[in-house]
Amino acid sequence: MPVEFLSDEQLKSYGCFSGDPSEEQLAGYFYLDDTDLALIRKRRGDHNRLGFAAQLGTVRFLGTFLSDPTAIPENVTVYVGRQLSIDNLSALNRYGIGETRWDHTDEIKKRYGYKDFTDRVESFSLVRWLYNRCTLSNERPSVLFDLATARLVERKVLLPGATVLARLVARIRDRAAKNLWSSLSELTTPLQNHRLEGLLDVAEEDRQSHFDRLRRDPVRISGPALVEALKRVEEIRSLGVSHVDLSPFPQGRINILARYAAKSSAYTIRRMPDSRRIATLLAFAKHFELTAMDNVLDVLDALIDKFFKDARAEGKKNRMRTLRDLDHAALDLRKACEIILDDTLSPEHLRELIFKSIPRVCLQEATMRVGELARPADDNYEEEITERYRAVQRFFPKVLQTVEFSGTPAGQSVLQALEFLISIEGKRNLDMTSAPLAGISKAWKRRILWQNGYIDRQSYTLCTLERLQTALRRRDIFVSASTKWTDPREKLLSPEQWKTLKPRFCRSLGHPESGEKAAQVLSEGLDRAYRETLAGLDTNTAILLYPTNKNRNFTLSSLDQLEEPESLVRLRSEVASRLPRVDLPEVLLEIHTLTRFADEFTHVSEENARAEGLVISLCAALVAQACNTGLEPVLDSSFLPLTRHRLSWTMQNYLRAETLTRANARLVDIQTNVPLAGFWGGGEVASADGMRFVVPVQTIHAGANKKYFGNKRGVTYYNFTSDQFAGFHHIVIPGTLRDSMYILEGLLEHETSLKISEIMSDTAGASEIVFGLFWLLGYQFSPRLADVGSARFWRCDPQSDYGELNSLSKNCVKPERFIRHWNDILRTDASLKTGTVGASELIRSLFNSKRPTALGKAIAELGRIPKTTYMLNFINDEAYRRRILTQLNRGEGRNGLGREVYHGQKGELRQRYREGQEDQLGALGLVMNALVLWNTIYMQAVLDQMEEEGYDILPEDKARLSPLAHAHFNFLGRYSFHLEGPPAEGKLRPLRNPREQMLLAA
């Protein structure tokens, strides 16, 4: 069986010392208790006592005995010798010569219960344990190898050879995979198998298989495109496997099969063994039925937006066109009203005077024109929207026929309207009086209900379509056969799960189980913040109160620019002059030799599949993606790892969201260990900011925003930056949706070792519901508030006297609104913390319209207290405001570095599909982190060199250095992927000598 999945690092550290054990490890494995000492003192001679103790500690630490028991680190010998009161540690050398050590090995095994790997009970236990893990998850073989090693050490089973254990892991993984394929293939009937395998056939008149066609997502936003997307759903359903139950199988394993099917060609799948082929196609059909429905609803949502936007734009244009006529008619009517309101005129002659001033015909025309052109205050161009009926009918009946909508109690009125439309479809001259009218706005009722009681079908249909979109976005209406548009409330912890988890969860976050107690804690914190702010008003020169101004409570002056001392300017210049100049490919290859980050990229299916020169291929693919240049600049037809075929294969099978995330996490974790990074922060603070990318190709995964994209559409790369400048999470958002929906995801879903407790953002992310959720989850939300002087401040006690701040705190929180929902609030909080529901989908369902849910209102009411507390601290503490600004500047600076890297094709993102967008921008984030880590490592080397030369470097100057400099990096031209010299050996390249450069320049 192949064992290529073992890295050099794993082989080097397996069953032997790879370095000096730490103090904690020495105390944990090499400490000798009284029983150990009593046994050791029976040995004759210092060399035997020292050797016996060393072997005992070694087997505890490594899980095996060394062939040379004296080949142990020096600190182990010192630690053991100190416990045995042996000063002559060189006596250990005699121990390795004699045969006594073999007797000691047998005695240690017997006395301490160590067993050989061939022990039948332990061997069976390990195989069963490995099989269960392989069945339930899809852990990489290298991870399983490490876990199995740890288990053997824990259970006192002596480690076998590395290849023996590796072969066992590979064999068990293969067996688990084959059993999964066999079990899945047994779920389908011969007819279903025939239909699934028929996907791989290519019709004579066609150049591609049905399988390839079904994998192609829609890219246009139009009625015909939506109809085609609906037909795609029907075609997948026609395979007849929709009701095949895969719930007994681990969802992660099913997803792996579906993902492999999405990446593989029909030819590759056709060559698979029967059971694997059927299992792969079944997983594909089940997964892509949900994905295809997501696409349908995405197109529907975007199409409704487009129709209504175009209709309202046309309405505004028509209104502007008729404005002159309306003005003329209004002026005529004004003249008539002035005569009527003139108290000096006799009422008996008013009509005569009016018609004398304005002819009757003109007044009739003016009245008629105002009636035609004037619109009610709540009019939202419903007339123009109704004119789109014919276009809507080209796809809406098909939507109602294909998509099965469900709803919460709040969405029942929309469901009833949809059911009515389904019942009347295809009928003419029907009676509309039975149409359900609940939930329809007054503006639409004017269009739908005529004076004679007639109900207009066209207006009713368009009104229902608009209400459907609103309800879908709030998830009052949802589709169960979907992943994105399903009901997030179904993902919350069940009442039974929550009852068990509640005490432990409340203790972990320090929340009381009583809503009244929580309200008291919040109230006391808010009262304290008011009084601290009041006490600091006399010395706070940045704030100017406006007690009588209704629109603005106060103004807060901007922060002055922080001066840079001469020592910092000199240090920054000196560091920049010593950093080596390097091309981007060399940076990636060098960072790999230092971190092995490329080992995290595994094959989409065969996770131990590697190829010669794969690291070079991976780095080239990352450069092509991150620089947005395509493959052409990195190709080299004479070098196998850089051929077009190899790079295409690498990008298809290795570059995907999960591998990019793992590689990124490794870089972030290593960055925290560089001493210089500790001067910038401890990894507890982060900021969130977005980069905007125009998407010039047709796609449904982009949105419009004239400010950022002009007349085109685009996406937002919403990324999270730690206080150590590392990007630890990112989200690709179509268009520019509200940041507040996504800001929690960076904290809850990142996979690095960072313990983020506070996050900063711009004003766009500052909503009361986000403040509430942050407080509930134990995080601090610190947005930069652009106009805090106009914000609403809240208080809990209406009787409290806050002096000059009384003019701010006119609004009173009503704690009873969240107290009565406290248990549901905590359950929602726990569901977020445990990951059963995503933050963005939950916030969207709670608070995505002018009518938030009861739970959304409760969390928003709670959020007013921590929001006000934060705003008081914000205006009271200048250092706090500066810390927020500094962190936000770090995120913006990192975005600037990203723009320098992502220079190809006008900086536009030319990916049609969401997965492609996420993969390419994920590659950009990984490359940025590699550059930041490279800068951090070499800046540390420069500082070390300067201190050796006698430079006095102030800690506060180190804290203001930045690893975002990029003048010494080359991102342009054709790239070379050959690493030579010290970097190829895992060592740092020589630093530049600024004095030699000055001499050369002279």
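This is a predicted model: local features need pLDDT of at least 70, side-chain atom pairs count only at pLDDT 80 or more; totals for chains, interfaces and linings use all residues.
Contact here means heavy atoms within 4.5 Å.

**Overall make-up**

The protein has 1002 residues, of which 52% count as buried. Its secondary structure consists of 44 helices and 14 strands. The C-alpha trace spans about 135 × 85 × 70 Å along its principal axes. Among contacts between residues at least 6 apart in sequence, 76% join residues at least 24 apart.

| Helix pair | Axes come within | Crossing angle |
|---|---|---|
| α27 (residues 515-535) and α40 (residues 854-876) | 9 Å | roughly 20° |
| α29 (residues 584-595) and α30 (residues 614-627) | 10 Å | roughly 135° |

With axes crossing at roughly 20°, α27 counts as roughly parallel to α40, because angles under 35 degrees are classed that way. The crossing of α27 with α40 is left-handed. On the α27 side, the contact is made by Leu 522, Gly 525, Leu 526, Ala 529, Tyr 530, Glu 532 and Thr 533. These meet Leu 862, Ile 865, Pro 866, Thr 868, Thr 869, Leu 872, Asn 873, Ile 875 and Asn 876 in α40. By type, the residues of this contact divide into nine nonpolar, six polar and one charged. An α-helix has 3.6 residues a turn, so residues three or four places apart point the same way.

For the other pair, the axes cross at roughly 135°. That makes α29 oblique to α30. Here α29 passes α30 in a right-handed crossing. Leu 584, Pro 585, Leu 588, Leu 589 and His 592 supply the α29 side of the contact. Their partners in α30 are Val 615, Ile 616, Cys 619, Leu 622, Val 623 and Cys 627. The residues of the contact of α29 with α30 comprise 10 nonpolar, one polar and no charged.

**Cysteines**

A search of the whole structure finds zero disulfides. For Cys 619, the nearest cysteine sulfur is that of Cys 627, 12 Å away. A disulfide requires cysteine sulfur atoms within 2.5 Å, so Cys 619 is in none. Cys 619 is buried, with 0% relative accessibility. Cys 134 is also buried, at a relative accessible area of 6%.

**Ala 279 in helix α16**

Ala 279 lies in helix α16, which covers residues 274-321. Its relative accessibility is 0%, so Ala 279 counts as buried, the limit being under 20%. Apart from neighbours within four places in sequence, Ala 279 is in contact with Trp 181, Leu 184 and Leu 257.

**Helix α36**

Helix α36 (residues 768-777) is mostly covered, with eight of its 10 residues buried. The buried residues are Ile 769, Val 770, Phe 771, Gly 772, Leu 773, Phe 774, Leu 776 and Leu 777. Just after α36 comes Gly 778, which takes a positive phi of about 85°.

Key:
Residues are numbered from 1 along each chain as its sequence is written. Side-chain values use heavy atoms; hydrogens and water are left out. Buried means under 20% relative accessible area, exposed over 50%, partly exposed in between (1.4 Å probe, protein chains only). Axes are lines fitted to C-alpha atoms, for helices over the stretch in contact, and angles run from 0 to 180 degrees between N-to-C directions. Helices (H or I, at least four residues) and strands (E, at least two) are DSSP runs, numbered from the N terminus. Angles under 35 degrees count as roughly parallel, over 145 as roughly antiparallel, 65 to 115 as roughly perpendicular and the rest as oblique. A crossing is left-handed if the near helix is turned anticlockwise from the far one by less than a right angle, and right-handed if clockwise. Ala, Val, Leu, Ile, Met, Phe, Trp, Tyr, Cys and Pro count as nonpolar, Asp, Glu, Lys and Arg as charged, and the others, Gly among them, as polar.
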